Amino acid sequence: MTSAGGAPVPGGFSPPPYPYERLRALTGRAVARFGPDGVVDCSIGTPCDPPPAAVLAALASSGSERGYPTSPGSPAYRGAAAAWLGRRFGVTVDPDLEVAACVGTKEFVASTAQYLRLRSPGRDTVLYPAVSYPTYAMGAELAGCRAVPVDERAGGGPDLASIDPDDAARALVLWVNSPANPSGQLTPLDAVAAWGRDHRVPVFSDECYAEFTWDGPPRSILESGTDGVVAVHSLSKRSNLAGVRAGFYAGDRDLVGYLLDVRRHAGLMVPGPVQAAAVVALHDDAHVDAQRRRYRDRLEFLAGALGAAGLPVALPAGGFYLWVPVPASMPSSGPGPVGGWAVAEALALRAGLLVSPGEFYGPAGAGFVRVAVVQPLDRLEQVAERLAGIDLTTPVEPSLPPTG
Ligand SMILES: Cc1ncc(COP(=O)(O)O)c(C=O)c1O
C-alpha cells in the first residue's frame, strides 16, 4: 500500500536487502587482504565455464532479432525441451500443450504464486522448503501471500506429515527442489506428487540441478505423470547459460496452459536468438557430461581441503554446492559474527574464499555455510594452499593483518 504520493506507508511492502549485497563488506575486507585478483568467489552459484561453441554460434546467427518471439517458445524450443525430457527422464510430454518457455527460472519462481492466486483467490499460501533458494518465499511475498516453510525430513525432501491441514487447504503451490540448493539433498518426488494429488495442491518441482545428480540417475517429478505437477528446468546451470536467460516448465496441461496464457499477457518472452541457442544446447548432452566431471572433481577437491582445515563436509547427493556445518567451537552469540557468518569471515580473511552464510537460505540454515564450486580447479588449489596449516574452527582474531 502506498500513499497518494507513492511513498511507503506502515505495513506496505519494503524489499529486504538482497542476500548477496549483505556480503559486500566482507568481500571488501577479503579484497583488502588478498587483492582483487586474490579473492576466490564461491558465494554465488553462477557458472564460470564456457557454453558450447555451437550454442554461441546459434545465438549470433538465428536471424530472429526483428520480430517478436512467441511467449510460449517456438515449436523448436518446446520440441527440444520435450525431447530432452524424454531422453533424460524417459517421460513423454506434449510439446504443444504441456511445455512452455520462461525467461530463466528465477522470474518464473518469483511470479507463479501471484498468477495462481489470481485464479484461486480463496487460497493464499505458498509451501516451500524451510532451507532453500530464497525466491520461493519471495514469490509468496510478491503475491501478498503467506510463505509457510515446510521442514525437511531426514534424508531430504519435505516432511509431508508435518504440513498443517489448514495450510494445505489454503495452499496455491508446494515448491520442492531436487537436487536441493543449498543442501544437495534429493526429494522423493513420487511421494510429493502423491501428496499434492491427495490434497489437491499443485506441486512445482524445481529441477534445475537434475543433471548434476550424483546419487543415482537424474529424476523428475514428471516420472509420476503430469497430473497436478509442473517440473521447472533451466539452461543456466546445465549449459552454463545463466547470462542468456532460458528455461522452461512442463507438466499438467491445465496449469501449463493457464500460466502460458497469463504470462503471454504479461509480455514474458525468451528472446528469439536465445531460443535458437537453447534449442542447440538442449539437443546436446556431451557438454553436460564434461560439466558433470568438472563439478565432481571440484566438489571432491574442496571437500578434502576444507576437511583438512577443520571443516569436514559430506559430498552432496546432487548439485554443485558443499553445505558445510559450522563447527561447535564457533560463537553462536556475542558481539562479533556468529554461526555461518563466523565461518564465512574465517574463510574470507584466512583463505580469500567467499562463501554464503547458511541463513541466506532460511533461519534453519544458520548453522551452515554454502560453498559453490563455480571456480576453476587452479583457483581452488590456491585456496587449498592458503588453508594448509590453518585451523578454521576458531573465529578470526579482530587484528588479523593484511597479507601485504
Ligand atoms: C534452486 C534454484 N532455482 C532456480 C534458480 C534460478 O536459475 P535461473 O533463473 O538462472 O534459471 C536458481 C539459481 O541459482 C536456483 O539455485
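Ser239 sits in the loop between helix H8 (235-238) and strand S8 (247-251). Helices (H or I, at least four residues) and strands (E, at least two) are DSSP runs, numbered from the N terminus. Ser239 has 0% relative accessibility and therefore counts as buried. Buried means under 20% relative accessible area, exposed over 50%, and partly exposed in between (1.4 Å probe, protein chains only). Apart from neighbours within four places in sequence, Ser239 is in contact with Pro51, Pro52, Ala281 and His287, where contact means heavy atoms within 4.5 Å.

This is a predicted model, in which local features need pLDDT of at least 70 and side-chain atom pairs count only at pLDDT 80 or more, while totals for chains, interfaces and linings use all residues. Residues are numbered from 1 along each chain as its sequence is written, and side-chain values use heavy atoms, with hydrogens and water left out.

**The loop between H8 and S8**

Two further residues of this loop are listed for their backbone angles. Asn240 is found in the loop between H8 and S8 and has a positive phi of about 55° although it is not a glycine. With a relative accessible area of 9%, Asn240 is buried. Arg245 also lies in the loop between H8 and S8. Phi of Arg245 is near 65°, again a positive value in a residue other than glycine. Arg245 counts as partly exposed because its relative accessibility is 29%. Most residues other than glycine have a negative phi, and most peptide bonds are trans.

**Cis peptide bonds**

The loop between strand S5 (171-177) and helix H7 (189-199) contains Pro179, and Pro182 is placed in the loop between S5 and H7 as well. The peptide bond from Ser178 to Pro179 is cis, with omega near -10°. A cis peptide bond also joins Asn181 and Pro182, with omega about 10°.

| Site | Angle |
|---|---|
| Ser178 to Pro179, cis | omega near -10° |
| Asn181 to Pro182, cis | omega about 10° |
| Asn240 | phi about 55° |
| Arg245 | phi near 65° |

Phe204 belongs to strand S6 (residues 203-206). Its relative accessibility is 0%, so Phe204 counts as buried. Leaving aside neighbours within four places in sequence, the contacts of Phe204 include Phe108, Leu116, Val173, Trp175, Val232 and Leu259. Phe204 and Ile221 are 17 residues apart in sequence and 8.7 Å apart in space, C-alpha to C-alpha.

Gly73 is in the loop between helix H2 (53-61) and helix H3 (75-89). At 1% relative accessibility, Gly73 counts as buried. Not counting residues up to four places away in sequence, Gly73 touches Arg78, Ala101 and Gln275. Pro271 is 198 residues from Gly73 along the chain, and the C-alpha atoms of Gly73 and Pro271 are separated by 9.2 Å.

Strands of a sheet pair through backbone hydrogen bonds, either parallel or antiparallel. Here three strands form an open sheet in the order S9-S12-S11, with antiparallel pairing. The edge strands, each pairing on one side only, are strand S9 (321-325) and strand S11 (356-357). Two strands pair if DSSP finds at least two bridges between them. S9 and strand S12 (residues 368-372) pair in the antiparallel sense over five bridges. The bridge partner of Ser356 in S12 is Arg370. S12 is mostly covered, with four of its five residues buried.

**The protein as a whole**

The secondary structure comes to 13 helices and 12 strands. For 404 residues, a compact globule would have a radius of gyration near 22 Å, and the protein agrees with this at 22 Å. The radius is taken over C-alpha atoms, and the globule rule is 2.2 Å times the number of residues to the power 0.38. The C-alpha trace spans about 60 × 50 × 50 Å along its principal axes. Of the 404 residues, 53% count as buried. Among contacts between residues at least 6 apart in sequence, 75% join residues at least 24 apart.
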